[in-house]
Amino acid sequence: MKLVGALVARFRIAAEMTQRQLAEETCTQPETIASVEQGRRALQLPLARRMDDLLDTKGALATAVENLPEVDLIPAWAEEYMDLEQSALALCFFANQVLPGLLQTERYARAVFDSRVPTFSRDEIEAHVAKRLERQEILRRDVPPTTSFVISEAVVRDRIGGEETYRETLRHLRAYAERPGISLQIMPLARTHHAGLDGPFILLETPDYQRIAYTESQRGSQLISDPDEISILAQRYAMLRTQALNTEETRALLDRLLGEL
């Protein structure tokens with residue numbers, strides 16, 4: 001990613017263009033160009049092709065993107081998602097394995113990273129926890145993004161991190177269930193069917209009203225922008241919200257679980 005970003009910067013300067021000019025010519029944002037050039041954000045293939053045409057680089061950038069090693073491609077998607085998350089107008093999460101990062105306490109996040117196989121070093125765990133907690137600032141803004149969570153009851157009842165972490169997590173979720181602009185719904189156990197059996201996903205709306213989805217698997221992650229695929233996931237999320245407990249029922253369930261401690 002750093003190599004590709006350095007190439008973009010070199011070709012842009014050779015063409016005597018500023019980052020803002022390149023952004024305007026490629027219909028993107030100056031911040032995006034800066035992030036790409038600094039190696040913090042992956043250059044996507046459609047943008048690489050537009051730059052090749054504009055900068056007359058004879059396909060060099062597209063070729064570089066197409067041949068990025070897999071080890072770079074996996075974190076690249078996650079980094080781009082986190083950039084998009086920071087400026088999102090709306091976020092929708094379906095989680096059936098682990099709490100979404102935006103709802104994790106410090107103890108819970110540390111337990112998640114501590115469970116990884118192969119293991120992270122202690123320094124790596126602390127760095128990942130710090131990054132996760134930093135992301136959560138978007139929910140504490142004066143005007144946070146409109147955010148909806150549908151979470152499996154199994155995730156809420158799980159004891160990741162131990163009993164004290166479990167108690168802290170329940171109290172944390174109960175507090176967030178009262179926050180304006182945040183909808184928290186639990187998908188109860190013993191449902192005979194629901195629309196999220198294919199796994200967790202996130203839907204995101206950007207400041208220019210583009211809808212994007214993000215999914216993760218055991219060995220990678222994927223950003224989805226195809227309108228047909230987005231439509232399918234949006235339909236699933238709408239169905240999940242009707243099948244889950246409503247917000248009042250969710251708060252009542254959390255109160256019952258807290259009362260059992």
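Arginine 12 sits in helix H1, which covers residues 2-14; helices (H or I, at least four residues) and strands (E, at least two) are DSSP runs numbered from the N terminus. The model is predicted, so local features need pLDDT of at least 70 and side-chain atom pairs count only at pLDDT 80 or more, while totals for chains, interfaces and linings use all residues. Residues are numbered from 1 along each chain as its sequence is written, and side-chain values use heavy atoms, with hydrogens and water left out.

With a relative accessible area of 10%, arginine 12 is buried. Here buried means under 20% relative accessible area, exposed over 50%, and partly exposed in between, with a 1.4 Å probe and protein chains only. Leaving aside neighbours within four places in sequence, arginine 12 is in contact with Met17, Thr18, Gln19, Leu22, Glu37 and Leu55, where contact means heavy atoms within 4.5 Å.

Alanine 60 belongs to helix H5 (residues 60-66). Its relative accessible area is 30%, so alanine 60 counts as partly exposed. Not counting residues up to four places away in sequence, alanine 60 touches Phe11 and Asp52. Valine 8 is 52 residues from alanine 60 along the chain, and their C-alpha atoms are separated by 9.7 Å.

Strand E1 (residues 90-95) contains alanine 90, which is buried at a relative accessible area of 17%. Apart from neighbours within four places in sequence, alanine 90 is in contact with Pro145, Thr146, Leu203, Leu204 and Glu205.

Leucine 91 touches residues including Tyr81, Leu102, Ile138, Pro145, Leu203 and Leu204, not counting residues up to four places away in sequence. Leucine 91 is also among the residues with the most contacts inside the largest nonpolar core, which has 34 residues; Tyr81, Phe149, Ile151, Val156, Leu184 and Leu254 are the others named. Apart from that core lies another, of 15 residues, among them Val8, Ala23, Leu61 and Val65. A nonpolar core is a set of buried Ala, Val, Leu, Ile, Met, Phe, Trp, Tyr and Cys residues joined through side-chain atoms within 4.5 Å. In soluble globular proteins, nonpolar side chains tend to be buried together.

The structure holds five aromatic pairs. Rings of Phe, Tyr and Trp (its six-membered ring) pair if their centres lie within 6.5 Å; planes under 30 degrees apart count as stacked, over 60 as edge-to-face and the rest as tilted. Tyrosine 81 and tyrosine 214 form a stacked pair, 4.5 Å centre to centre with 15° between the planes. Tyrosine 81 lies in helix H6 (residues 70-86) and tyrosine 214 in strand E5 (residues 211-217), so the pair ties together parts that are 133 residues apart in sequence. Both tyrosine 81 and tyrosine 214 are buried. Phe94, Phe201 and Tyr237 form one aromatic cluster.

Tyr237 is also one of the buried residues of helix H11, along with Ile230, Leu233, Ala234, Leu240 and Gln243. The 17 residues of H11 (residues 227-243) should span 24 Å at 1.5 Å a residue, and the end C-alpha atoms are 24 Å apart, which agrees; the expected span is 1.5 Å times one less than the number of residues. Aspartate 226 caps the N-terminal end of H11, with a side-chain oxygen 3.1 Å from the backbone nitrogen of aspartate 228.

Definitions and conventions
A polar contact is a pair of N or O atoms within 3.5 Å; within protein, one must be able to donate a hydrogen and the other to accept it, and residues adjacent in sequence count only if both atoms are side-chain atoms.
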